[in-house]
Amino acid sequence: MIKVSVCVVTYNHEKFVRQMLDSILMQETTFPFEIVVGDDASKDNTATVLKEYQSKYPDKIRLLLNEKNLGLNGKYNALNTFANAKGEYIAQFDGDDYLTSPHKLQKQVEMLDAHPNYSA
């Protein structure tokens, strides 16, 4: 069972998405997690970079490559990405974010597991 779905929403993040994915892939966890990336029909080479990473990590990265922009400044892309998550928890990021600690997901899950009445 997947504990965390790391949901990444992208739109024209070609220059940043490698760093984002590398920072997720470096996470040290005691639980399984997936990376679900929803691209909102980027006009740059974001989809090419995403496909490259997905081919390297097919068991870890799942792509949702929208053929047309879903609209409302990424809201519908984010909602679609969350709807496709399989994890108990969702960690949400944009394609131009990145994590600075390899323990971020582990610490967040430990806190949420210890406090089941928390929702965020």
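Residues are numbered from 1 along each chain as its sequence is written. In this predicted model, local features need pLDDT of at least 70, side-chain atom pairs count only at pLDDT 80 or more, totals for chains, interfaces and linings use all residues, and side-chain values use heavy atoms, with hydrogens and water left out.

Me: What makes Glu34 buried or exposed?
Reply: Buried means under 20% relative accessible area, exposed over 50%, and partly exposed in between, with a 1.4 Å probe and protein chains only. Glu34 has a relative accessible area of 6%, so Glu34 is buried.

Me: Which label does Lys56 get, and why?
Reply: Lys56 has 52% relative accessibility, and the cut-off for exposed is over 50%, so Lys56 counts as exposed.

Me: And what about Glu52 and Arg18?
Reply: Glu52 has a relative accessible area of 28%, and Arg18 comes to 36%. Both are therefore partly exposed.

Me: Why is the link between Glu52 and Arg18 called a salt bridge?
Reply: The term asks for a side-chain nitrogen of Lys or Arg within 4 Å of a carboxyl oxygen of Asp or Glu. Between Glu52 and Arg18 the N to O distance is 3.0 Å, so the pair qualifies. The two lie in distant parts of the chain, Glu52 in helix H2 and Arg18 in helix H1, 34 residues apart.

Me: How do you know that Glu52 and Lys56 also form one?
Reply: Their closest N and O atoms are 3.7 Å apart, so this pair meets the cut-off too. Glu52 and Lys56 are separated by about one helical turn because they are four residues apart in helix H2.

Me: How many salt bridges does the structure hold?
Reply: There are five. One of them joins Glu34 and Arg62, with the closest N and O atoms 2.8 Å apart. Glu34 is in strand E2 and Arg62 in strand E3.

Me: Where does Glu88 sit?
Reply: Glu88 is in the loop between H3 and E4; helices (H or I, at least four residues) and strands (E, at least two) are DSSP runs, numbered from the N terminus.

Me: Which strands are called edge strands, and why?
Reply: Two strands pair if DSSP finds at least two bridges between them. The open sheet has the order E3-E2-E1-E4, with parallel pairing. E3 and E4 are its edge strands, because each pairs on one side only.

Me: How do you know that E1 and E4 pair?
Reply: They share six bridges and the term needs at least two, so they pair, in the parallel sense. In E4, Ile90 is the bridge partner of Ser5.
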